[in-house]
Amino acid sequence: GLHLVTNAVNIGMELNASNGLDTTLTGGRLRWPGAFSLIGPAALESLNAVVMDKVFIGVCGVDPEFGATTIEPEEAAVFRAMTRHAKQVVVVADSSKVGLTSPAVICPVAEIDILITDDGVSDDAVKAFKRSDVQVVIV
């Protein structure tokens with residue numbers, strides 16, 4: 001009974017193989033090889049028509065001061081649109097990405113509700129995120 005929205009072609013294909021899931025791809029264009037991310041005006045426009053309970057965003061860096069970031073500005077724009085249309089923002093980043101920043105900002109730390117990471121994350125980083133009211137889930 002879940003409806004999932006993604007801008008990632010490869011994730012959409014995987015979700016399509018599961019029974020009981022309704023999957024929507026945002027549309028858009030594929031700009032660079034190997035990324036599978038749909039970007040551009042079509043992707044942005046499709047997100048204006050939905051409200052999402054939760055958005056899960058994989059990032060290139062997440063920092064307690066600068067927030068969630070990625071490398072590609074156009075991909076960041078799609079992720080920003082997703083965060084604006086979501087009731088809850090969940091950032092997913094392995095511990096090697098915690099404390100790092102990339103050039104394109106997705107959202108400030110104040111807009112992140114939950115950070116999911118692994119047990120390699122430092123105690124100082126966890127404390128810094130918790131000071132910003134970010135729930136840190138270590139898996």
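**Start with the whole chain**

Buried residues (under 20% relative accessible area with a 1.4 Å probe, protein chains only) make up 39% of the chain's 139 residues. Keep in mind that this is a predicted model, where local features need pLDDT of at least 70, side-chain atom pairs count only at pLDDT 80 or more, and totals for chains, interfaces and linings use all residues. Residues are numbered from 1 along each chain as its sequence is written, and side-chain values use heavy atoms, leaving out hydrogens and water.

Switch to cartoon view: there are 4 helices and 11 strands, which are DSSP runs (helices H or I, at least four residues; strands E, at least two) numbered from the N terminus. The C-alpha trace spans about 40 × 30 × 25 Å along its principal axes.

**Next stop: the core**

Now select V59, V62, V91, I106, I112, L115 and F129. Of the 31 residues in the largest nonpolar core, these touch the most other members. Such a core is a set of buried Ala, Val, Leu, Ile, Met, Phe, Trp, Tyr and Cys residues joined through side-chain atoms within 4.5 Å.

Which residues does L115 contact, leaving aside neighbours within four places in sequence? Contact means heavy atoms within 4.5 Å, and the partners of L115 include V62, V91, F129 and V137.

Definitions and conventions
Buried means under 20% relative accessible area, exposed over 50%, partly exposed in between (1.4 Å probe, protein chains only).
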